[in-house]
Each structure stands twice: as structure tokens, then as C-alpha cells.
Protein chains: 2
Amino acid sequence: MSTIKEVASLAGVSPATVSRVMNGEVPVAEKTRQRVEDAMQRLGYRPNSFARSLASNRSDCIGLVISHLAGPFMGTMMVNLEERLRLNQKSLLVSSGHNELSREMESIDFLMSRRCDGLLVQSDRLSDDALIALATEIPLVVINRLVPALASQCSYVDNQRGSYLATRHLIQQGHCHIACITGPLWKQDAAQRLAGFRQAMAEAGLQVPEAAVIEGSWQESSGRIAVDTLRQRNLHFTALAVGNDDMAIGAMMRLQALGLNVPRDVSLVGFDDEVYAHYVTPGLTSVHVPVDRMAQAASGRLLSLAYDEPWEGERCFATHLVERGTVAPPP
Amino acid sequence: MSTIKEVASLAGVSPATVSRVMNGEVPVAEKTRQRVEDAMQRLGYRPNSFARSLASNRSDCIGLVISHLAGPFMGTMMVNLEERLRLNQKSLLVSSGHNELSREMESIDFLMSRRCDGLLVQSDRLSDDALIALATEIPLVVINRLVPALASQCSYVDNQRGSYLATRHLIQQGHCHIACITGPLWKQDAAQRLAGFRQAMAEAGLQVPEAAVIEGSWQESSGRIAVDTLRQRNLHFTALAVGNDDMAIGAMMRLQALGLNVPRDVSLVGFDDEVYAHYVTPGLTSVHVPVDRMAQAASGRLLSLAYDEPWEGERCFATHLVERGTVAPPP
DNA sequence: AATAAACATGAAAGCGATTACATTACTGCC
DNA sequence: GGCAGTAATGTAATCGCTTTCATGTTTATT
């Protein structure tokens, strides 16, 4: 492996000049640049990233902390993040929080000790304050969550509006007895989606009885259970607004198992528009989340923070309803 | 940010000793170690990873090249890889091949220029020779593929056996007219799965007409199309062995749309046992792939190669059939 | 108690880049 | 042609750690 010195002496210049050619900021005479580039070529020179980082105090690495790497969006998320970062020659270091606060914090710690130039964080568990504190230590962008004090460093989805749209759609079809299955309400997105539901109901002058809201776990199984709970409560409902597709599918399967027809007896909307939303029969009507654009925005923003690049992108992303077959007028 | 020198002088030792305490390989007197650790604690010292890498010529980073980050297994894959690596204080650098050979090669190049200590590669496009050449340059483990010349550095699934089991299951139910929808046959796993199908058929003395094998694209849509093609060919079949779950689901939906009943009219087995395999009705019988164990093995093996750690793990992972509702005796 | 062996520590030379500062080489202007 | 001013390049210090080699300190051996 050749070094900058070898390149320099082959090109007949000093190492400093070679460095300047590489980094391109400082002007170098065209003739010199040519000679240096030839030398680099001939030697198959590759700058040593360790030395470079040590001297410049930049790692050219961006850390990504994800509360659960196997989550539904993470694939799409990462493809887009990585693509944007690579455009700028930055590497992506990933670390999973394995669904636990303590491990999430360890992850952050670990990435900081690696001296990443910036951090992308997708976390439900970390408090706003923890994130605000973190942002003072390192360029930070929060993914899929709005931290008000850090608004310009967040990339998130308009969950409330999405859920509002979904619920309104049910109402427009004539439903007035709509129950709601939410995600864990301590999570921001779950709470916002519930808020959207309530907003649409209120706007239509419809009551939302206590019993009509059930807090699930995002898991398919909790959708099944929620249906049973609703029936035990003797709650009359002709439609279900569900916080995500997995629970919606769970609910749907349970309804069908109980001999009910979707959408004839009960209508259903999900949220997330997962790839498999149309694998069920009938296809699940759901709210689409533009994960790809959110990811691109997040990485763009982080680059702007970490390397003073220009930036004019969105922070909040709109959702839209994708109609399939689970919604019909009430019986 | 404090440096090793500051720690050293606070502890009243030389920087060398501090280094030895950190790295733990060389014996240090208990008393000294204690003083050094106190000093590190008091200063909140964090070793500078750049300097460390530069001096030791080790990055403590492992690169992961994935042909397509959003693929079905990648979530599970990454959780497990990351977890194992973190145990050993190694970071995971990810890079996507974006489903193109050239970009895959760029990814590898990029990770090499970052001087990763080792590489995990999941690639269909790279040739065996390319991988063999790569393995001479850097510790390498190939994921989900067997390169014979690199057998001990591969972590893969027994696709043939899985497909054999699935097909045998159909045969045992009494089917003798079984068609097969495969993945793109230039991919090793697709070819192996087809081989398993043929093996089971041959073993049972059943013919496999040319027309009964259809090459798909792994995509759900190609499962739909395959069903149509089979019918255009006027091929009589009572069961379908499908190369993956997505195509199986596509086929199933098409069959149902054509008014056929699964499994009464046509039986169906998939492969991969994706989370959503039971979202369809009836639940898809499929072959389970132990992605988690394969990932753990891959990372363990790579650690052993890159850092001379001990290693005694498996290379080839067995699959097993998960029975749900898409298989029944022929009409 | 003397000697060898083992052990613990320190001194200092890198590792390979970046960059502030000094120096040299041009340019245009009078 | 000489001088100022700018542009291009070189010099050398620096980043913070690891590691070899040398030195000093114990511990065992007889």
C-alpha cells in the first residue's frame, strides 16, 4: 500500500501538494495536478482513511441508530439513507437499539466513540430532553418523530392527517360507529394517529365512546385480541380505524374467523401501506407513508448540519390513502 | 476531549501504560491498572478511534455489502449481524449494491477504501472468481451462497433439501401433477430450489414435463403470470411448488381469482416463511429459513478470520417445512 | 546472598495524512 | 527592469495512539 509520500516523490512534489490535489479546496496548478494524478494512478494510491481522519478530525462516517432494525420500514429507510450518503462519500454505520432503551443509549454511545460526523436517530424510547441534549454534542437528525425544540432537525410524517383522512373516508361511506385500534400510546406516532381519528370523528359530530378505543401493540396478534375485546364490551361498530397494517390484518382475520364479512359487515382501514397490505383478501385499504422521501430528507439534512452543505428540503411528509377492498358502506 | 497523555500524567504513568491498560493484552500491575482506570474515569476519557486505527492498522469495522438492502431477510439479517459484532466491539458499515453489479463492486471498493477489517458479502451478481479474488485481499464471508473454493467462508442454506422436503410433502399427499415456479435461475438459490424439486419428483418416479417449470422473478407478480402461463400451456397440475413466498402468494391470488380453491383444487407450497405467509387465506405452507442463525454464524466466522478468534460453527443451515393451510390431497 | 529469569514500566519512533506558516515563482504595472 | 502583490508550493508541526526496545524491579533458584 503506497503512501502520500511515495506519490509525492514520484510526482516530484511535496506531500502537501498531493493532499491539496486530493481535497480539491485549494487551487493547484493544472500541470502539477496532472502529474500528481498520474502518480496516484500509477501507484494505485488510496489515501489512508485513518490518517486522514486523525489529521482532519473528520470520520466521514454517519451513524444510524434504529430502535429495531427489523422493523417494517427499515429496509426502505436504509436503502435511501445509504444512497444519499454515498453520493457524498460518506459511510453509514448502523447500530440497533434492539428494542430497549438501555441498548439504544449504548448504541449512541458506541457510535459517538467511533466519532461519527453526525447521527441519524430513529427512536421512540429516548426522551425529547435526551435528544435535545444529544443535539448539542453532535449534528443530529431525528427520523420519524417531531421533537419541537429540534423541529428543523426532524424528518417525520403527518400521522394525524393520515389518520384523519382514513377516518374521514370511513365517515364519508356512511359509517358512524367506528372503533379505533391504536399502537402503544406512549409512542408519538400512535398518539398522533389516534388524534387524527378523534379529529375526524369530532368534525363529523360523532361520539367516540371510551370503549371504542383500544390500545394495541402494533403486532398483528393485538389486532385479533382487540376485536375480541370490542365484542366483549358489546360495542356496536361497523368500521375499524386501525393504527397500522399488521394490527389491521390481525383484526381482519379475526373478524373473518368469526364469520363476519369484510367489508360488508365491517369496514377496515390500516396505516403504513406495507407491501403485503394487498396480500390479504380483500386488499387492505391503508394510509401510505413516503418512507423513501423521508429518508432522503433526513440524510440530506444531516449532511447539511455536519458538513455545512446547503439545504432546502421538507421536514414533514404528507400521507395519502390507498384504497383497496376493505371499505364499503355500512350494512 | 482528553487524550491518553492527560490520563497518563494524571495517573502518574506513561502513555504506554495507559495503552496497555486499555488493550488488556499485556499484563499490568493491579495497582497501576487501578490508578489508570480511576484517571480515565475522572477525565471521562474516550480513546480516539482514529489514532488507534492509524497506529494499530485496524479499523474495528466490518463492512456489509448487500445486493439489495430492502430485500426480505435483510432486517433479521442485520439485527443478528450487528448484535454479534457489537459483542466484540466491532462496528458495522453497510453498503447497498442497489441491485446492480457495478454498484455492488463500487460498494466493495468503498468499504475497502475505508479499510474495514473484514467483509460480509451477500451477492448474487458477483462471480465466484471475483469473490475468490476478493478473499485474498481481505477476510471475507459470503452470506447465503456457497462458493465451493471458499466453502469454509460461506454461510448458506440448504435450499435443495428445503425444496425437496416441500415437494415430497406434496407427493405424500398424493399429488403427481406438480408444477414448479422458480426464481431467476442464474441465481444459485433459485437453481438449488429447482434441483430439490426435481430430486423429489425423480425419487417418486414422477415425470417433470418441460412445460411444468416456469422461471419467475421472485416477485409476486411473476407468480400470477406463471399461473396464467401454465394454463395457457394447458398443463394439468394439482399442486404448485413455488420458489419463494411472494410468488406463491401471487400464484395463489391468481388461482383464487380464477375461481379455483386453494387447497381443494390446487395445493401450494412457498419458500422462505416470510412473516406475512400467514396473512393470506388460507395460510401459506412454506419452508422456513433460519436467517438469524445464518447471520450469527456468518459474523462469528468473519470475526474468527479477521481477528483470529476461535470458531466452531455451522456453515450450512437446514430448513424445515412449516405447514399451514395450502396443502391438501388432490381432488 | 548472588544470579537468572520473569515481570512491569518508560522512552521514543512511528502510523499517514492535514494544515499553518514560510517561501518561492509568477504576474502586471509604472 | 524593478517592485508589489498574488498564486503555487514546500516545510514541518501536529493529530493521539501503538509498539518495540531498553531499563528497572521483582521473584524464584540454588
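This is a predicted model: local features need pLDDT of at least 70, side-chain atom pairs count only at pLDDT 80 or more; totals for chains, interfaces and linings use all residues.
Figure 1. DNA strand C is surrounded by 27 residues, and the closest are Ile4(A), Ser19(A), Tyr45(A), Arg20(B) and Thr32(B). Helix 2 (15–23) and helix 4 (49–56) of chain A each supply at least two residues of this surface, as do helix 2 (15–23) and helix 4 (49–56) of chain B.

**Figure 2. Contacts to the phosphates of DNA strand C.** Sugar or phosphate accounts for 63% of the atoms of DNA strand C within 4 Å of the protein, and bases account for the rest. From chain B, a polar backbone atom of Ser14(B) is 2.8 Å from a phosphate oxygen of DNA strand C. A polar backbone atom of Ala29(B) is 2.9 Å from a phosphate oxygen of DNA strand C.

**Figure 3. Surroundings of DNA strand D.** The residues that surround DNA strand D number 27, with Arg20(A), Thr32(A), Ile4(B), Ser19(B) and Tyr45(B) the closest. They divide into 15 nonpolar, nine polar and three charged residues. Helix 2 and helix 4 of chain A, together with helix 2 and helix 4 of chain B, each supply at least two residues of the surface near DNA strand D.

**Figure 4. Backbone and base contacts to DNA strand D.** Of the atoms of DNA strand D within 4 Å of the protein, 64% are in sugar or phosphate, and the rest are in bases. A base nitrogen of DNA strand D lies 2.6 Å from a polar side-chain atom of Arg20(A). Phosphate contacts of chain A are shown alongside. A backbone N or O atom of Ser14(A) lies 2.8 Å from a phosphate oxygen of DNA strand D, and a backbone N or O atom of Ala29(A) lies 2.9 Å from a phosphate oxygen of DNA strand D.

**Figure 5. Extent of the interface between chain A and chain B.** The contact takes 53 residues from chain A and 52 residues from chain B. About 4600 Å² is buried between the two chains, and carbon and sulfur atoms give 55% of this area. In chain A, the residues that lose the most area to chain B are Phe50(A), Arg115(A) and Tyr279(A), together 18% of what that side buries.

Figure 6. Between the chains, 26 residue pairs are in polar contact, with both residues at pLDDT 80 or more. Helix 4, helix 5 (74–87), strand 2 (91–96), helix 6 (101–113), helix 10 (220–232) and helix 11 (245–257) of chain A each supply at least two residues of the side that touches chain B. By class, the residues of this side of chain A divide into 20 nonpolar, 18 polar and 15 charged. Six salt bridges are found across the interface. Glu83(B) and Arg103(A) meet through their side chains in a salt bridge, at 3.2 Å from N to O.

Figure 7. Strand 2 of chain A and strand 2 (residues 91–96) of chain B run antiparallel and are joined by three bridges. Within this pairing, Leu93(A) stands opposite Leu93(B) in strand 2 of chain B.

Key:
Residues are numbered from 1 along each chain as its sequence is written. Chains are lettered from A and ligands numbered from 1 in the order in which they are written. Side-chain values use heavy atoms; hydrogens and water are left out. A residue is near a molecule or strand if one of its heavy atoms lies within 4 Å of it. A polar contact is a pair of N or O atoms within 3.5 Å; within protein, one must be able to donate a hydrogen and the other to accept it, and residues adjacent in sequence count only if both atoms are side-chain atoms. Helices (H or I, at least four residues) and strands (E, at least two) are DSSP runs, numbered from the N terminus. Contact means heavy atoms within 4.5 Å. Buried area is the accessible area (1.4 Å probe) that two parts lose on being put together, summed over both. A salt bridge is a side-chain nitrogen of Lys or Arg within 4 Å of a carboxyl oxygen of Asp or Glu. Ala, Val, Leu, Ile, Met, Phe, Trp, Tyr, Cys and Pro count as nonpolar, Asp, Glu, Lys and Arg as charged, and the others, Gly among them, as polar. Two strands pair if DSSP finds at least two bridges between them.
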